[in-house]
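Have the viewer open as you read.

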Amino acid sequence: MNNNDRNLTARLRDKTTQESAFRELARDYGKPLYWHIRRIVVGHDDAEDALQNTFISIYRHIDKLADAEHLKAWVYRIATREALQILRRHTGLFQSIDTLEPVLTERLLAETSVDSEAAEVLFQQALLKLPTQQRIAFNMRYYDELSYDEIAEVTGKSVATLKTNYHYAVAKIKEYIHENT
Amino acid sequence: MNNDLHNMTKKMPYAESEEYMERLIERCADTAIAERGRPRRSWGAIAACAAAAAAVIIAVTMTWKSATTMEQAENAIEVAAAAIDEAGTALEETAPATSPPIVATIPKSEKAVAKPATGTAAKNLAEETVESPLDEFLDNITDAEAQALLCFTVDEEPLNIN
């Protein structure tokens, strides 16, 4: 854990400095968390809801943050859980969130900015073809540049599994881009 | 993957501005701080409200069936509306601030879904003023309430108005 996070964690656990420390955490992690969530749920409205729930959950459970726990992994874990919960709301009974790919692709195309490059969109479409767990592991490694150890803390999966996930994700993305260009 | 392509794929193809993001994050933080002190909605409260709503619907159904005048029927509806309102308020008071509204209102054109009255009942209804409790109730009826009312009005005989 870096010094800034260690200091922030200490202030978050102290009742007298908790609120200001939480605002600092929101400033530091707000944007990365928003984009992490947005990459999972794709739609902006869903991302906003999940971010709001994430912040509520963080502030409500701040006292449960263990000393040895990494702040970054802890907030990413909460954000990932909230994002997945939002996705589950869009599925039917006994339906896997992996089946939401057509809905998410449609949302991606609907919300894509007019001045975005075709390659950006194609890359996002390729990502949406991945199984959700693989996609999340890939996003955290590629976009958020989290270490495998940090991703393991967030997802609860082993480093070896995550490396395999990432490797397969890269292979599938390349294949999709080859087929569609 | 060359550097240009690498940078391009790291960019998200959306248009949310920096200012917008900052405002959103600040708002989320404010809400989280405000939300912390609020009690969470418990399963006990939800079960109690559901039981109360079921009891009200049964009571109103029985009153409606035995009603012989429009006034009695209106009273039954008013009792039901008041009970549903109270249950809704109780739930809202314990609901998290970010929860969606307990009941969604429905467009006016979809509101008057009850079976139209015929004969004398229709005549009596036509004489009602716009501000009558029945009209007011129908104006404020929610989707859930309309569904509940429909459950016991669709197959009923027309009201016998003395």
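A:E101 sits in helix α5 of chain A, which covers residues 101-111; helices here are DSSP runs of H or I with at least four residues, strands are E runs of at least two, and both are numbered from the N terminus. This is a predicted model, where local features need pLDDT of at least 70, side-chain atom pairs count only at pLDDT 80 or more, and totals for chains, interfaces and linings use all residues. Residues are numbered from 1 along each chain as its sequence is written, chains are lettered from A and ligands numbered from 1 in the order written, and side-chain values use heavy atoms, leaving out hydrogens and water.

Is A:E101 buried or exposed? A:E101 counts as buried because its relative accessible area is 18%, and the cut-off for buried is under 20% (exposed is over 50%, partly exposed in between, with a 1.4 Å probe and protein chains only). Its side chain makes a polar contact with the side chain of A:T105 at 2.8 Å. For that label, a pair of N or O atoms has to be within 3.5 Å; within protein, one must be able to donate a hydrogen and the other to accept it, and residues adjacent in sequence count only if both atoms are side-chain atoms. Leaving aside residues up to four places away in sequence, A:E101 touches A:L128 and A:K129, contact meaning heavy atoms within 4.5 Å.

Zooming out, chain A has nine helices and zero strands. Buried residues account for 53% of its 181 residues. Of the chain A contacts between residues at least 6 apart in sequence, 63% link residues at least 24 apart.

Now for the partner chain. The contact draws 39 residues from chain A and 30 from chain B. About 3,200 Å² is buried between them, with carbon and sulfur atoms giving 63%; buried area is the accessible area (1.4 Å probe) that two parts lose on being put together, summed over both. B:P13, B:Y14 and B:R36 supply 23% of what chain B buries against chain A, more than any other three residues.

How many salt bridges are there between chain B and chain A? The count is six, each being a side-chain nitrogen of Lys or Arg within 4 Å of a carboxyl oxygen of Asp or Glu. One salt bridge pairs B:R27 with A:E48, whose closest N and O atoms are 2.9 Å apart. On the chain B side, α2(B) provides the largest share, 15 residues.
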